[in-house]
Amino acid sequence: EITYGDWSSDVCSSDLYAFWNWKLAFLLFASVLLNWGTGRLIGQLRGTRGAALVVGLGVALNLAVLGFFKYYGWFAEEMNALLRAAGLAREVPLVEIVLPVGISFFTFQSLSYTIDFYRGLIQRERNFLRFATFVAFFPQLMAGPIERAAHMLPQFVRFPKVRLQNFTDGASLFLVGLFKKLALANYLSLYVERIYDNPRQFAAPELLAATFAFAWQIFFDFSGYTDMARGIAKVMGFDLMLNFNNPYLATGLGDFWGRWHISLSTWFRDYLYIPLGGNQEGAFKTYRNLFITFFISPRLIQVSSYDGITSEKPYVLRVRVDAQPVAPACPAYSRSGGSTGTAPDLTALRSDLHTIILWNQRRMGDRYGQTAANALRTKLEAFAARSEVRGVVLPLDALLPDQYAAWDTNPCDPE
């Protein structure tokens, strides 16, 4: 049976994702299709070795896609460095990759369904649209919480009735989350970024205050989004799990992880830590399992911030410029220790300039080859030309040839 709720939720979810990037909406659809098909094959092969093979293949494919989008840029850089060190002329192509929003969350949510069905904890969802709604439910699609099929799929059997109680509860929860995000997290970030951008200019009390403020900033940021997601879902009549339970009131580290991003920590507990053996096989294996879990989990869930350009952001410095031109914060030094040459004249730049991208052509060419460096610079120039960026690319080695040779040892190296 296909209900109005299945269609409407899928349309809202797909439209929301496609509004950000319509091409990557096909990736979301492929993830839904892959895991729904995997569940169907497991059901057909239940009780045979083929079922274990299918679930293993399904997990591997999901993680392969996740790993490609997160780590292809890093892999290409390291492989090219090894090839150059070996004297080989070949290079792994540096491809412009945009990290899909929420890919870790909908991948983990899909995997939880596949693994739970294989373990016999849930029944297979035969309705494709209902399963698609579970994976791509738009309130929590972007950043969680990571729901389990046993909790969410039964809620999609019938679209809930509109109730005043749900609306008031959901709207209240949404407003609390919005306040956390805009009034608290964003406000604290102003102080934190000011200190962290130039830590050497501040004393220990300011650094400690910034660290304390950052702890509350990320809590208000993450929990605020979760509250907004839960609020929107509640207005529609759906219940999402509690994801943050006053973590800073925890009495210990273990208690803290039981309160912080609960859906994520329990996911790694149930699908990685416990399958490795948990704490049931002695102290050595317990610590080994903890190490593996804490080593793998941040590498699968971390958010990449390459701004949708390339994987080269570590070698690009973006500097905010106000209406008045500013001189570089760091002086240029020669190897003899004295200041040489003159700083680039920024007075000719437009007063509405928002972004300066400091480009190191020589270093990029040495590291990746001139062809790849030129292609990357072309992409950066196109990025800087966007109306919302209003930027310019400044080639450092051309602007400051005298100082450039000394910047490798200068602590103010623009890279």
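My entries follow, starting with the ground rules.

**Ground rules.** I'm working on a predicted model, where local features need pLDDT of at least 70, side-chain atom pairs count only at pLDDT 80 or more, and totals for chains, interfaces and linings use all residues. Residues are numbered from 1 along each chain as its sequence is written, and side-chain values use heavy atoms, with hydrogens and water left out.

**Rings.** I paired rings of Phe, Tyr and Trp (its six-membered ring) when their centres lie within 6.5 Å; planes under 30 degrees apart are stacked, over 60 edge-to-face, and the rest tilted. That gave me 31 aromatic pairs. Helices here are DSSP runs (H or I, at least four residues), numbered from the N terminus. Both F108 and W267 are buried, meaning under 20% relative accessible area; exposed is over 50% and partly exposed in between (1.4 Å probe, protein chains only).

Next I checked Y248 and W260. Their ring centres are 6.1 Å apart with planes at 40°, so this pair is tilted. Y248 is in the loop between α8 (204–236) and α9 (253–257), and W260 in the loop between α9 and α10, twelve residues apart. Y248 is partly exposed at 31% relative accessible area, while W260 is buried at 10%. Both belong to a cluster linked by ring pairs, which also takes in W216, F219, F220, F222, F244, F256, W257 and F294.

**Helix packing.** How do the axes of α3 (residues 49–85) and α4 cross? They come within 11 Å and cross at roughly 175°, using lines fitted to C-alpha atoms over the stretch in contact, with angles from 0 to 180 degrees between N-to-C directions. That makes α3 roughly antiparallel to α4 (over 145 degrees; under 35 is roughly parallel, 65 to 115 roughly perpendicular, the rest oblique). I noted the contact residues (heavy atoms within 4.5 Å), including V55, N62 and F69 of α3 and T107, F108 and L111 of α4.

**N35.** I ended on N35, which lies in helix α2 (residues 25–44). N35 is buried, with a relative accessible area of 1%. Leaving out residues up to four places away in sequence, N35 touches N62, S110, L111, Y113, T114 and F131.

Technical notes
Helices (H or I, at least four residues) and strands (E, at least two) are DSSP runs, numbered from the N terminus.
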